[in-house]
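Q: Could we go through this structure together, one topic at a time?

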Amino acid sequence: MPQLGKRYFCEECGTEVLCNKPGSGELHCCEKNMQLKEAKPLPSSD
Amino acid sequence: MNTANFLSIPGSMFPEQEILVFEGTRLTYGDVLERVRRLASSLRQLGVQPGDRVAALQTNSHQYIEAYYATATLGATFVPLNYRAKLPELEYMVTAASVKVLFVGARYADSVRQLRPKFPSVQHYIAMESRQPDMLYYEDLVASGSPDIEDAEVDEGDVSILMYTSGTTSLPKGVMLTYGDFTNYVVGTVEMADGTPRGVSLLCAPLYHIAGTANIMTALWAGRKIVVLRQFDPKEWLETVQKEQVTHAFVVPTMMKQLIDHPDFSRYDLSSLQNLSYGGAPMPFPVIRKAIEMFPKTTGFVNAFGQTETTSTLTVLGPEDHRLDGPPEEVERNLKRLTSVGKPLPDVEVRVLDEENRDLPPNEIGEIVIRTPRVMKGYAGQESATAALLDPDGWLHTRDMGYVDEDGYIYLVGRKDDIIIRGGENIAPAEIEAVLHAHPAVDEAAVIGVPDVDWGQKIAAFVALRPGQSTTAEELIEFCRQRLASFKKPELIRFVDALPKNPLGKILKKELRAQFTE
């Protein structure tokens, strides 16, 4: 189930989507589940 | 992604969350989003189309930030102008960028009036702080615009910000940063707001600098409240950290020194400050060492190195490398690392190349060359200058000389083309030399940066006079002050019989620099 504000990407074609309203569905692309892509927090002010 | 989404998505989801504070004004996400959309509607009514250039000449304010997001809402290009620039520099930037709409702060209204006949492309002037008789008024446009407007569809390669920076030539270069560049930076480095408190960020870097802009974009996306200072002032900075419980801040080395030198430093409660980043210029070692001693032990220091051309930060030296209270061997290691700019961010590749573009082994000095998905599109209208730095396969020659140690930490040793960085401001010696050369008594002149504990570097000029001519250092400094932004005027003048040159007649600045390091 997608989470609010998270990005998901397709391992096959590289498409990225951003969830701005979560629901109960699953994200699929190129006949596969899309994978969570996490930000790598920057230890700074910006 | 349109960078306007960095406001509109969290702004639609958490409209009640306080997100922007400036002097007496406190705004929620909902307030900011509505003001931005109303302003965008009015700008569209004025004829602003995708790709048009919208500039601002003003110190930091919440309106300035709104003006950027309104511009992005329309898919247009924002041009933040250096408010310290002198009139000829402003004239160059506004005309080179073909600015269509110009936002003007009250203190710059008279300067802009003088230049109006020289700005044929500018169709509308918008007074930002107070009404001006010959300009539209910002708050009228906000009040009269409709909030019903959607963020424009943009391509990743469309230019979102055209940011002028000093180059090696005498004219500023317009760095084209795209919607895609900022998207890569923002979504790659912070998680989106989720309605929970994400801290308070203090903005004191000017918004015409990449550090200020990057700070705004990430904080708005992450849900971190932004407290805006009009301009940096050490006492106000300390007061604001205490009053607003600031958790994150960015300063340039000159600001850091002014903070730790402030006589009332110890009277303020700075315990909320979790993260204090610095960058923009080389940090003098005595300053960071003293800062680590003076700020609360819970404050983590971060050295962030980046460029306008790379959409902000490339490498960071994190808090753990700033700790000076561990075992002696760790302290010794970290004291050396305090002179490093740290390690590359995950989306940055770094190489150190020699003059023939061959990779150098650890600890050998060469040019730092980087690749990241957020390298600039190029310099506006300067294809050859772009091609000189940006390889077809995406590697950017930073013109910074340095080396990587065996642990992967990067150390900078100077600029390949002698740019002077004074208090975070990039200054091209060629621009000052050109002014000195215009003085009737001057035969030749060379300008270099010399180490300075207050400003990182200060500007020194070597001058040889024409036979039979005379002048004074004071007169030459005043001559420059009248023709350049004040921070670009030389602070030291040395008169010499002739400048040292190589057989081809190129001035040997290395020999000039040696006179200050001996």
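A: Domain bounds here come from an automatic or database domain assignment. The model is predicted, so local features need pLDDT of at least 70 and side-chain atom pairs pLDDT 80 or more, whereas totals for chains, interfaces and linings use all residues. Residues are numbered from 1 along each chain as its sequence is written, chains are lettered from A in the order in which they are written, and side-chain values use heavy atoms, without hydrogens and water.

Q: Which domains does the assignment give for chain B?
A: For chain B it gives domain 1 (347–415) and domain 2 (420–517).

Q: And what separates their centres?
A: Taken over C-alpha atoms, the centres of domain 1 and domain 2 of chain B are 28 Å apart.

Q: New topic: what is the strand order in the open sheet of chain B?
A: Strands are DSSP runs of E of at least two residues, numbered from the N terminus, and two of them pair if DSSP finds at least two bridges between them. The open sheet has 9 strands with mixed pairing, in the order β2-β1-β11-β10-β12-β13-β14-β15-β16 (chain B).

Q: Why is one side of β2 and of β16 left without a neighbour?
A: In chain B, β2 (25–28) and β16 (343–344) stand at the edges of the sheet and each has a single partner strand, so one side of each has no neighbour there.

Q: How do β10 and β11 of chain B run?
A: Strand β10 (residues 200–203) and strand β11 (residues 225–228) of chain B run parallel, joined by 4 bridges. L202(B), for example, has V227(B) in β11(B) as its bridge partner.

Q: Now the two chains: how many residues does each bring to the contact?
A: Counting heavy atoms within 4.5 Å as contact, chain A contributes 15 residues and chain B 30 residues.

Q: How many salt bridges cross the interface of chain A and chain B?
A: The rule, a side-chain nitrogen of Lys or Arg within 4 Å of a carboxyl oxygen of Asp or Glu, finds 1 salt bridge across that interface. The side chains of K6(A) and E191(B) meet in a salt bridge at 3.5 Å, N to O.
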